[in-house]
Amino acid sequence: MAIPYPHFIATEKAAMDAGLLLPSSSRSPSVIFTQDDLKKIAAYKAVEYVESGMVLGLGTGSTAKHAVNRIGELLRQGKLKDIVGIPTSKITHEQALSLGIPLSDLDSHPVVDLAIDGADEVDPFLNLVKGRGGSLLREKMVESACKKFIVIVDESKLVNYVGGSGLAMPVEVIRFCWKFTAERLRKLFEEAGCVAKLRTFGEKEEPYVTDNGNFIVDLYFKRSIGDLKVASDAILQLAGVVEHGMFLNMATTVIVAGELGLTVKNK
């Protein structure tokens, strides 16, 4: 379902709420949105699904942060009440606290009403790659406990198959003998032209450490890895692997923001 910005009131509402669009009577005919603008519009549209009294999974990343900001804004305005947030990273935890969003965890709230998060890739069947921001384990724990999981992306994240962007599919691994684990991961997908690299950061290329104290091995594919359930099981059977960034059959709704409008895809 494509929703052109100039003609669909619900999309206009999201864009105006985000401060990116003036009322139709006072704006120019053509409006150009940046990639971050598109992310913000998608995020604000997703927050329209939030209701007072919900337990919410709060996502992590450049798109999800807009949704968290919006939830905090609606709480301050009194338009949302009795919200409980479960953050998927330390960064989101700090952001939510700064906005006055009440927080809890899965121990206290094992069933989550709704989660809103971004994704790094979305395939035609709404399978996702997530975790390029490093929070895949906590994201998967929270979002697998949700009744509804809304994913918000811009159109650059749409791919023909998982790994199709040529960018990383992350795997969180324990530090012990990570090179051994990385090589076993590479061999699993040798036919797909897999390259496995330890994620690093900074000029000194220090290993990136997750919120859980683990490393991340990023897998890069030249071709499709085939049956995703088989691939998932094979990865998780390797000792030393904590979790991978394929989120299979988890998204219930995907909201895609593009230059021509919003597309809402439901499972």
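Q: How do β5 and strand β6 pair, and over how many bridges?
A: They pair in the antiparallel sense, over two bridges. Strand β6 covers residues 128–129. Keep in mind that this is a predicted model.

Q: Which residue in β6 does Val-122 stand opposite?
A: Leu-128.

Q: What sheet has β5 and β6 in its order?
A: An open sheet of three strands. The order is β5-β6-β14, and the pairing is antiparallel.

Q: Which are the edge strands there?
A: β5 (121–122) and β14 (246–247). Each of these pairs on one side only.

Q: What lies in the loop between β5 and β6?
A: Leu-126 is placed there. Its phi is near 70°. That is a positive value in a residue other than glycine.

Q: Is Leu-126 buried or exposed?
A: Leu-126 has a relative accessible area of 6%, so it counts as buried. The cut-off for buried is under 20%.

Q: Where is Asn-249?
A: Asn-249 sits in the loop between β14 and β15 (253–258). Its phi is positive too, near 55°, and again the residue is not glycine.

Q: Buried or exposed, that Asn-249?
A: Exposed, because its relative accessible area is 61%. The exposed class starts over 50%.

Q: New topic: pockets. How much space lies in the largest pocket?
A: About 280 Å³.

Q: How many residues line the largest pocket, and which lie nearest its centre?
A: The lining has 15 residues. Ile-86, Pro-87, Asp-105, Leu-106 and Arg-138 lie nearest the centre.

Q: Which elements give two or more residues to that lining?
A: β3 (84–87), α4 (90–98) and α5 (136–143) do. α5 gives the most, with four residues.

Q: What does the lining of the largest pocket have by class?
A: Seven residues are nonpolar, four are polar and four are charged.

Q: And how much space lies in the second largest pocket?
A: About 200 Å³. The lining there is made of 17 residues. Nearest the centre are Thr-60, Gly-61, Ser-62, Asp-120 and Gly-133.

Q: Which residues line the largest cavity?
A: Thr-88, Ser-89, Gly-134, Ser-135, Arg-138, Thr-210, Asp-211 and Asn-212. By class, six are polar, two are charged and none is nonpolar.

Q: On to helices. How far apart are the end C-alpha atoms of helix α2?
A: They are 19 Å apart. Helix α2 runs over residues 35–47, which makes 13 residues. At 1.5 Å a residue it should span 18 Å, so the two values agree.

Q: How many residues of α2 are buried?
A: 10 of its 13, so α2 is mostly covered. Among the buried ones are Leu-38, Ile-41, Ala-42, Tyr-44 and Val-47. The charged residues Asp-37, Lys-39 and Lys-45 are buried as well.

Q: Where does Thr-181 lie?
A: In helix α6, residues 178–188. Thr-181 is buried, because its relative accessible area is 3%.

Q: What is Thr-181 in contact with, leaving aside its neighbours within four places in sequence?
A: Val-173, Ala-239, Gly-240 and Val-241.

Q: Last one: Lys-147. Which strand is that in?
A: Strand β7, residues 146–154. Lys-147 has a relative accessible area of 56%, so it is exposed.

Q: What is Lys-147 in contact with, beyond neighbours within four places in sequence?
A: Val-111, Val-112, Asp-113 and Thr-252.

Q: How far apart are Lys-147 and Val-112 in sequence and in space?
A: In sequence, 35 residues. In space, 6.3 Å from C-alpha to C-alpha.

Terms used
Residues are numbered from 1 along each chain as its sequence is written. This is a predicted model: local features need pLDDT of at least 70, side-chain atom pairs count only at pLDDT 80 or more; totals for chains, interfaces and linings use all residues. Side-chain values use heavy atoms; hydrogens and water are left out. Buried means under 20% relative accessible area, exposed over 50%, partly exposed in between (1.4 Å probe, protein chains only). Contact means heavy atoms within 4.5 Å. On a 1 Å grid over the protein atoms alone, a cavity is a set of points where a 1.4 Å probe fits but cannot get out, and a pocket is an open set with protein on both sides within 12 Å along at least five of seven lines; lining residues have an atom within 4 Å of a point. Grid points are joined across faces, edges and corners, and a volume is the space filled by probe spheres set on the points. Two strands pair if DSSP finds at least two bridges between them. The expected span of a helix is 1.5 Å times one less than its number of residues.
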